[in-house]
Structures are given as C-alpha cells and as structure tokens.
Amino acid sequence: MKKILLLLAFFSKGLLLMATEIKSPNGELVLNVMVKEGAPVYWLTYKNKPVIKESRLGLQLKNDQSLMEGFVISNSFITSFDETWQPVWGEVKSIRNNYNELAVTLTQTATQRSIIVRFKLFNDGLGFRYEFPLQEKLNYFIIKEEKTQFALAGDLKAFWLPGDFDTEEYSTVTSKLSEVRGKMKAAITPNSSQTTFSETGLQTPLMLKSDDGLYINIHEAALLNYSALSLNLDDKNFILESFLTPDAIGDKGYLQTPCQSPWRTIVVSDKATDILESKLILNLNEPTKFTDVSWIKPVKYVGVWWEMITGRSTWAYNNLGSVKIDQLDYSKTTPNGKHGANTAHVKEYIDFAALHGLDAVLVEGWNIGWEDWFGKWKDNVFDFVTPYPDFDVQEIHRYAASKGIKMIMHHETSGAVPNYERRMDTAYRFMVNNGYNAVKSGYVGDILPRGEHHYGQFMVNHYNHAITNAAGYKIMVNAHEAVHPTGLSRTYPNLIANEAARGTEYEAFGGSNPDHTTILPFTRLMGGPMDYTPGIFETHVSKINPDNHSFVHSTLARQLGLYVTMYSPLQMAADLPENYNRFLDAFQFIKDVAIDWDDTKVLEAEPGDYITTARKAKGTNNWFIGNTSDENGHQSNIKLSFLDTGKKYNAVIYADAADAHYQTNPQAYTIKKMVVTNKSVLSLKAAPGGGFAVSIIEIIPAK
Ligand code: NOJ
Ligand code: CA
C-alpha cells in the first residue's frame, strides 16, 4: 500500500523569516524548520520535551562560498508516506515505513544556488539529508566540512567511542558529555590510534540518555559516495556538530550534482526498548533492486578461526616472515607445524558442522601471503586464489558438498585496496568455481592508497563496490574493519553482516568490559547486523593457548543469550569443536536457535545494564529468548504473554547457576525443561557478567 499525499505547497520568495512545522504520524514528535537571518535551522521535540534545540544546517565548500548563510526558503512541500515492506532477512517479517515529510528548498540569493533539505519524521525519530539538484551554478564541488548541528538539551549521559577514522574497535565509554574531554586520552590509549580528530570527537551511532529519561540515538543512514559521519562535541553548550572523515589531503568529499548526503538520523523515545526496535534507519534506505534474492540465505557457521585468534595455530604456513608471494614456491618451504587451514583439520570442522546441522565452515589462512601480511609495502601480499600446499581446495569443496556444508571464503586485504580491486573479479570467479557463496573480507592495517582512511569517501565507495560486484556472482559479503553500517542491507541484502566494532576476538586480546554487549545493540547494531562471533564456552583462553592469559568477560550461559540479543543473520559458533564436545547439553541451544525471524520483542533493556529479547523463528511458532547483563547481573520476570493462547510449548532454560560469576565461575550453568503457556512467567537471574537463553518450541499435538 502506497499513499502519497500532497498536503501543502507554497512559494515564499523574498521572505526572510519562514517557519514550517510538521508532526510525526502519532503527533508525539514535532519538527520545526526555519531560516533565521539567512541561516537554515531546525529543532525537534518529543512529547513536548526538547530533543534537539535550535540547530544550524549547512556545509562549507572548498574554494567556494559556503552553503550556510544567505538563504531564503523558496519552496516547501509537506507529504506523507505509509507502506509496509518485507525484508529478505530480518528481525521481523514486515516493516512499516510511515512518516510525514517536509522538503525545504533553500535558495542562496547572491549565488543563485539551491539545495533541498528533506526531513522525514517517523514515530520513532527523524531523518534528514541535503540534496543538491542539478543546476547551473552548482556542478562539481568539494566538501570542506558538513556543518550539521545537533544541539542537545543538556549534559546527557553518553555511550561513546573516540572519533577515529580507522577503527571502531574501542571499548565504549559511558560518561556525561561534560566528561568526554577528560576521559578521551584513556579511551584512546588501548588502541593507540593516530587518527582521532579531537579531544571531543565521537563516533556514531552515539547513544544518549537525558536525566529525565529520554533515549536519543544519533547516526546516519544510506552512506553512499560520501565520507562517514563523526560528531564533534562543544562541551560547554552541548552541541554536537558533524565532522566528516577527510581524505589524504584533508578534503571531505567530491560530489557532482545531482547528488545528496546520507540521511542524518535521530531515533528517540522514553523507552529504551523502542530504540532497539526502531526500523528508522532501514526505512531510510532504498528498497532492494535485486530481482532474484533466492541465493541470499542466513548462515550459522563454525570456522578455523578462534584457534588463530587465541594463538594456538597460525594463519601463516611457514616462519619465513617477509616474502614476495610471486617469488616463492611454498611447497619448497618448511611448514611451521601450526598452520590451522590444512585439509585434514578443515575436514574435522566440516564433520562437526554436518553432525550438528550447521550451515557452513569458514577457513582463514588458506591462501598464501600471511607470512608478510603487515609487510612494509604490502601492495602485493595476497592474490586471493593461491592456496597453501596443505590446503586442497577441490578436495575440501568435494568433501563439504558431500556433507551438505558450504565453505565460507576469506579475503584479508590488509587494507591494500588497489591490490584487492585489481584481483577482485578473479577472486570472486574462483569462489564461484569452487562452491563458495559467501566471503568474509577484512581491512586490517593502514589503507593503501596511503593517507586514505577506513571511513572516507574513497573507502565507502570501495566497500559498496565490493558488495554490488559480489551480487553479480551471487556472493554474500561479511566485511570486517569496514565503515559503520547504515542500513544498506535493505538495498543490498547480500551484505549479510559487518564487524565494525569490538568483537569477541578482543576477549583473546585482553578482554572487553562485562557491559559491552549490553551497549552494542544501542550503538553499533543500530546500523545493521554484526558478526560478533559469540559462543565461546572455554572462557579461559589459556586452556587453548597456555601463553595467552586473557579470559572471556562473560559466563557461558550469557554466550548463549547473545545469539538472541545480538541480531545477525550470520551467526558463528566461534569456539573450537573440542570445547563444544565438552558441553554438548549447552551447545544444543546454539544448534536450535534460529537466525531469521518473523517477530522480535525487546522485553526489557537499559544500555550498559541489561537487555532481554524474545524472537519468533521464521515460519514457526517457536520463540527464543536471550539476555545479557553487566557486572551487576540482573533479575528478570518474563511474562510469556506473547505466546499463542491455548497452545503448549516445551521450554528449555539455559541459565547461570546460583554461584556463577564471569570472573570466578563462568562455566556454572543449569538447564531446566518445562512446559509453558502464554500464562507462564519465568523468573530468571543473570549472574554478574551473565545472562540466559530460553528455547520455546510449540508442542504440536498428535492427530
Ligand atoms: C581481523 C578480523 O576481525 C578477524 O576476524 C580476522 O580473523 C583477522 N582480522 C584476520 O583477517
Ligand atoms: Ca577486527
């Protein structure tokens, strides 16, 4: 159903001051836009409370007069839109896209240039973007800086990452905005990045909470041919202002009309659960243009991966260190004896996946080049098609296919983008020829061309090229170290997941805060699914590699809960088969849990404290519940009123034992079975750093 209503159109040339107001469909959000002394401004309220106070809009251009002042409103249209669409995969079966829209044409009288600012006001927030129509006086232009402001109502609590153009793999800091400056140095130090842009620079998605209980999330949607958004904080006045990722010479974007910016998004509610259920960012992306999506399928996988991350085995085949790949015959070098990706070992993973009904096996370190992947010049390190001598591509393909298992390709580019682009089609063709329909790609290290950043326009275009090009080969993409997702999987559903945050790997690199997974859904996951790689049962990493003394900051039961709280159509069972074999009763949940859903209910949530989510598995009446809790643990009382009336279900509850604790007793769990109905209430307690998981399977009476 599509309903576009032209409500109002008027001309106002010559007027210096003009205000326009629209409301969200339910009337709770009110947006005002006006030009004040030539400068466009907007403000937003929710239930009469200020969300964004009067804030300026506009852009500075390089070598040209800025698009910030001297404007009049020359046109303004208000329309409404209401449709419901079905995602290829997702948290819910169908998504309502309902908003009132205001498109304001701003004309800079002196330069005869016009831009449109288009606002879409939904019940769950606001999206707006700049549009640059084709016109005589604005053709090619270079962005010096986008100057979009978000003036907040006060000193809000923030869940933030340091502004960095190359990594999002920080621990989130929770603090008042006024404390950001004081905490910045300590926040950066563990990553020692050189590219943080100021003492008050923040990444998006930025999660905020006001003292009077308003939850506000600021991010962007549909990031295409533009640099990624960061925010610079004025910590005296609590005004956030856009700060785009620069290129090698400091420019922020090269555009040609007609063109537009990504959407700037503000999701707002007085309920934290609403933030997690918001579909605003997806709704601001274009519907998919793919006509055939039958090849895009959610995936549950294991991989030759955690053993390298923990340091038990290696990606590299020998110990030669620096080598030129095209001048070395690997079959004549001596293996280091720790190479994970060897045919016999890969077959063990295939056997494990087949035995337990998983879909796929990822293998990293299968291709030559890892001896020198951080190499000084690194432009010619990987070719993505030549296996090490102990990895038999054809035999593995044959064996996996015979067991109904898919292989997942791995392309670590080490940030050498020209090399990857040069070889990409050959690499994708190699995948098709050898039965791979999904690739995990990666961009570790400094970007080549030198001086480019992971989140600049050049790289944004690269990531999107890799996705659209892959679609031509019916290949799904899971890109690590790529730019923060912005809902593009609606348009390109073969973008099955991203990393773009601190994943489970950090539990083997010293660990993450116990509240990390209670925050990620409010920040990183707002833009799209994450390949977080949960499911680590052996939480003492030294049991895998005696030299590694990290531990996983989570109980085992919480590792199960994450399959529900951390939404992704791509889910890894990240631990080693030998560890799952020790806890097969708990592993049953990972086998059972769905990865595609008809419905989702976030039952309770508070960023930094806990999240409890229930999801209904696609095409069934079965539900799965997950919880993740911070270092204080959490008591939940869950009403199963969302189950169908009159039906009975078998519930299996995987919970922390009474004495469980993420530091001292992480592997203490209990498994309870019971019959439940929609009248049942589950009283469940998550331990410190703990959580729980519940499977609820409909009992279908025998005929
Ligand atoms: C970092 C990725 O996040 C990780 O999953 C991968 O194993 C390594 N890079 C090597 O590519
Ligand atoms: Ca990573």
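Colleague: What makes one side of helix α1 the buried one?
Modeller: In α1 (residues 180–188), V180, M184, A187 and I188 are buried, that is, under 20% relative accessible area, with over 50% called exposed and anything in between partly exposed (1.4 Å probe, protein chains only). They cover an arc of only 80 degrees around the axis, so they sit on the same side of α1. The arc is taken from the directions from the helix axis to the C-beta atoms. G182, K185 and A186, on the other side, are exposed.

Colleague: What are these values based on?
Modeller: This is a predicted model: local features need pLDDT of at least 70, side-chain atom pairs count only at pLDDT 80 or more, and totals for chains, interfaces and linings use all residues. Side-chain values use heavy atoms, with hydrogens and water left out; residues are numbered from 1 along each chain as its sequence is written, while chains are lettered from A and ligands numbered from 1 in the order in which they are written.

Colleague: Why is the site of the calcium ion (ligand 2) called irregular?
Modeller: There are 6 donor atoms, with angles of 52 to 160 degrees. Six count as octahedral if opposite donors are over 155 degrees apart and all others between 65 and 115.

Colleague: Which residues coordinate the calcium ion (ligand 2)?
Modeller: E169, E481, E499 and E505, through OE atoms at 2.3 to 2.6 Å. E169 lies between β13 and β14 and E499 between β28 and α9, so the pair ties together parts 330 residues apart in sequence. Both E169 and E499 are buried.

Colleague: How do you know that β18 and β19 pair?
Modeller: Pairing needs at least two DSSP bridges. β18 and β19 (residues 239–244) have 6, in the antiparallel sense. Strands are DSSP runs of E, at least two residues; helices are H or I, at least four, both numbered from the N terminus. S230 stands opposite F243. The two strands form a hairpin with 4 residues between them, and F238 in the turn has a positive phi of about 60 degrees.

How values were computed:
Donors = N, O, S within 2.8 Å, 3.2 Å for Na, K, Ca; no water. Tetrahedral: all angles 85-135°; square planar, octahedral: opposite > 155°, others 65-115°.
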